[in-house]
Amino acid sequence: TIRADRDRYYYGADALFARHPDVIRRVCLDAPPLLPVLLNGLIWRSRTTESGLRRVNYYVKHLIFDEDTGFAKATEWLCDFEEPQVMCGPVVALVTNTVW
């Protein structure tokens with residue numbers, strides 16, 4: 001079971017991106033059907049609603065920044081992947097709108 005607290009959620013996303021900073025590139029090249037699953041896994045949606053709205057947290061810091069060069073290359077890798085369905089997804093839309 002994956003715990004759903006906001007501090008330690010998403011099965012170690014920080015650890016995943018620390019160990020494999022190019023995980024987006026590797027998934028694009030080696031396992032394209034898993035890319036939407038990986039990206040959608042970076043979203044937490046509350047199970048409850050308030051006034052018809054649902055709280056959502058996006059865990060995208062590793063898609064925007066990396067520890068070495070500043071901006072992460074995730075957007076570049078996703079553009080090279082050339083899949084419109086992925087580029088229109090909520091995580092990629094948030095990342096690109098944040099950067100631009």
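What share of the 100 residues in the protein is buried? Buried residues make up 30% of them. The model described here is predicted. It contains seven helices and four strands, and along the sequence these follow the pattern α-α-α-β-β-α-β-β-α-α-α. Of the contacts with a separation of 6 or more, 52% join residues 24 or more positions apart.

**The nonpolar core**

- In soluble globular proteins, nonpolar side chains tend to be buried together.
- The largest nonpolar core in this protein has 21 residues.
- The residues with the most contacts inside this core are Ile24, Leu35, Leu39, Leu63 and Leu78.
- Six elements are listed as giving two or more residues to the core: helix H1 (13-19), H2, helix H3 (35-40), helix H4 (61-64), H5 and helix H7 (90-99).
- Helix H2 supplies the largest share of the core, four residues.
- Leu39 touches Ile24, Leu63, Leu78, Val86, Val91 and Val92, when its neighbours within four places in sequence are set aside.
- Ile24, Leu63 and Leu78, which are among the contacts of Leu39, are also among the residues with the most contacts inside the core.

**Helices H2 and H5**

- Two packed helices are described by the angle between their axes and the distance between the axes.
- Helix H2 covers residues 23-30 and helix H5 covers residues 74-81.
- The axes of H2 and H5 come within 9 Å and cross at roughly 10°.
- Angles under 35 degrees count as roughly parallel, and H2 and H5 are therefore roughly parallel to each other.
- The crossing of H2 and H5 is left-handed.
- On the H2 side, the residues that meet H5 are Ile24, Arg25 and Cys28.
- On the H5 side, the residues that meet H2 are Ala74, Trp77, Leu78 and Phe81.
- The residues of this contact divide into six nonpolar, no polar and one charged.

**Cys28, a buried residue in H2**

- Cys28 lies in helix H2.
- Cys28 has a relative accessible area of 9%; buried means under 20%, so Cys28 is buried.
- Apart from neighbours within four places in sequence, Cys28 is in contact with Leu35, Trp77, Leu78 and Phe81.
- Trp77, Leu78 and Phe81 also belong to the H5 side of the contact between H2 and H5.
- Cys28 and Glu82 are 54 residues apart in sequence, and their C-alpha atoms are 9.8 Å apart in space.

**Positive phi in two loops**

- Ser51 is not a glycine, yet its phi is positive, at about 55°.
- Ser51 sits in the loop between strand S1 (43-50) and strand S2 (53-58).
- The relative accessibility of Ser51 is 79%; exposed means over 50%, so Ser51 counts as exposed.
- Glu82, another residue other than glycine, has a positive phi near 55°.
- Glu82 is found in the loop between H5 and helix H6 (84-87).
- Glu82 counts as exposed, at 66% relative accessibility.

- Phe65 is in strand S3, which covers residues 65-66.
- With a relative accessible area of 48%, Phe65 is partly exposed.
- Phe65 touches Gly70, Phe71 and Ala72, not counting residues up to four places away in sequence.
- The C-alpha atoms of Phe65 and Val99 are 10.0 Å apart, while the two residues are 34 residues apart in sequence.
- Pro90 lies in helix H7 and counts as partly exposed at 35% relative accessibility.
- Not counting residues up to four places away in sequence, Pro90 touches Asn40, Ile43 and Tyr58.
- Pro90 and Ile43 are 47 residues apart along the chain, and their C-alpha atoms are separated by 8.8 Å.
- Met87 lies in helix H6 and is partly exposed, with a relative accessible area of 26%.
- Met87 touches Leu78, Cys79, Val92 and Ala93, not counting residues up to four places away in sequence.
- Met87 and Thr75 are twelve residues apart in sequence and 9.1 Å apart in space, C-alpha to C-alpha.

How values were computed: Residues numbered from 1 in each chain as written. Predicted model: local features only at pLDDT ≥ 70, side-chain atom pairs only at ≥ 80, totals over all residues. Heavy atoms only, no water. Axes fitted to C-alpha atoms, helices over the stretch in contact; angles between N-to-C directions. Parallel < 35°, antiparallel > 145°, perpendicular 65-115°, else oblique. Left-handed = near helix turned anticlockwise from the far one by under 90°. Contact = heavy atoms within 4.5 Å. Nonpolar A, V, L, I, M, F, W, Y, C, P; charged D, E, K, R; others polar. Core = buried A, V, L, I, M, F, W, Y, C linked by side-chain atoms within 4.5 Å. Buried < 20%, exposed > 50% of the residue type's maximum accessible area, 1.4 Å probe, protein only.
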